[in-house]
Amino acid sequence: MPEVNTDHLDEQQVQLLAEMCILIDENDNKIGADTKKNCHLNENIDKGLLHRAFSVFLFDTENKLLLQQRSNAKITFPDCFTNTCCSHPLSHPLELEENNAIGVRRAAQRRLKAELGIPMEQVTPEEISYLTRIHYKAKSDGIWGEHEIDYILFVQKDVTLNPDPNEIQSYCYVTQKELKQLLDKASKNEVKITPWFKLIAETFLFKWWDNLPNLNKFVDHEKIHRM
């Protein structure tokens, strides 16, 4: 595996690079594990290294979507606006369990606490709905990038927030109109958004948002949307 100098990067974020992600094939079958660092190096991504991930979209009871702006300490896509929470299930038994994506939903609960400070009891795995999966690839810079099969998870609940500033520099709840304005600003390079959030917003998000009370008709656990 390539040696990359991480001395100039944020110490707390570098420690997280040792976490073990779940390696998968193009059909989301588990084939092993590797460090978060190795999974996010473009040199390995270009050889096909692919890992499992998730994206949480959390709405309050007024149907507003919680967005976060990633901190400038983040190694991939710093300062970018994105959906509520984006991360990876880890290669240990609780998060490897695949039945109805329970492992991924447990990982989402863990990261909602770690990033946004949402108490674990406020959002349980049972309250997180798994809709579908998308497969995408994106470069953050010349060294780091993403290549993931991303589980799309929805939650609707009023929650308590206490974000970790090392993870998140700002957050806001937005209406559909406000998100469209943000996407418009991003298209003019006035703000930055993550590539996966852009893909999801341009393809699926608004029709899902219109149907928050009856998302069941959009559940598709068979297909992986290749983007």
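View A. The model is predicted: local features need pLDDT of at least 70, side-chain atom pairs count only at pLDDT 80 or more, and totals for chains, interfaces and linings use all residues. Residues are numbered from 1 along each chain as its sequence is written, and side-chain values use heavy atoms, with hydrogens and water left out. Rings of Phe, Tyr and Trp (its six-membered ring) pair if their centres lie within 6.5 Å; planes under 30 degrees apart are stacked, over 60 edge-to-face, and the rest tilted. By this rule the count comes to 10 aromatic pairs. Phe77 and Trp196 have ring centres 5.5 Å apart and planes at 85°, so this pair is edge-to-face. The pair links distant parts of the chain, 119 residues apart: Phe77 is in the loop between strand 4 and strand 5, and Trp196 is in helix 7 (residues 195-209). Helices (H or I, at least four residues) and strands (E, at least two) are DSSP runs, numbered from the N terminus. Phe77 is buried, as is Trp196. Tyr136 and Trp196 form a tilted pair, at 6.1 Å centre to centre and 40° between the planes. Tyr136 lies in strand 7 (residues 129-139), 60 residues apart from Trp196. Tyr136 counts as buried, at 2% relative accessibility.

**View B. An aromatic cluster and a lysine over a ring.** Ring pairs link Phe57, Phe59, Phe154, Phe197, Phe204, Phe206, Trp208 and Trp209 into a cluster. Over the ring of Phe206 sits the charged end of Lys180, 4.8 Å from the ring centre (the criterion is NZ of Lys or CZ of Arg within 6 Å of the centre and within 35 degrees of the ring normal).

**View C. The salt bridge of Arg52 and Glu98.** A salt bridge is a side-chain nitrogen of Lys or Arg within 4 Å of a carboxyl oxygen of Asp or Glu, and the structure holds 11 of them. One of them joins the side chains of Arg52 and Glu98 (3.0 Å, N to O). The two residues are 46 residues apart, with Arg52 in strand 3 (residues 51-59) and Glu98 in the loop between helix 4 (93-96) and helix 5 (102-116). Arg52 counts as buried at 2% relative accessibility, whereas Glu98 counts as partly exposed at 44%. A network of salt bridges links Asp28, Arg52, Glu98 and Arg133.

**View D. The salt bridge of Glu167 and Lys74.** The side chains of Glu167 and Lys74 meet in a salt bridge of 2.6 Å, N to O. Glu167 is in the loop between strand 8 (145-156) and strand 9 (168-174), and Lys74 is in the loop between strand 4 (65-70) and strand 5 (81-82), 93 residues apart. Both Glu167 and Lys74 are buried.

View E. Strand 1 (residues 20-24) is mostly covered, with four of its five residues buried. Strand 1 and strand 2 (residues 30-35) run antiparallel and are joined by five bridges (strands pair if DSSP finds at least two bridges between them). Met20 stands opposite Thr35 in strand 2. Five residues lie between the two strands of the hairpin, and Asp28 in the turn has a positive phi of about 70°.

Terms used: Buried means under 20% relative accessible area, exposed over 50%, partly exposed in between (1.4 Å probe, protein chains only).
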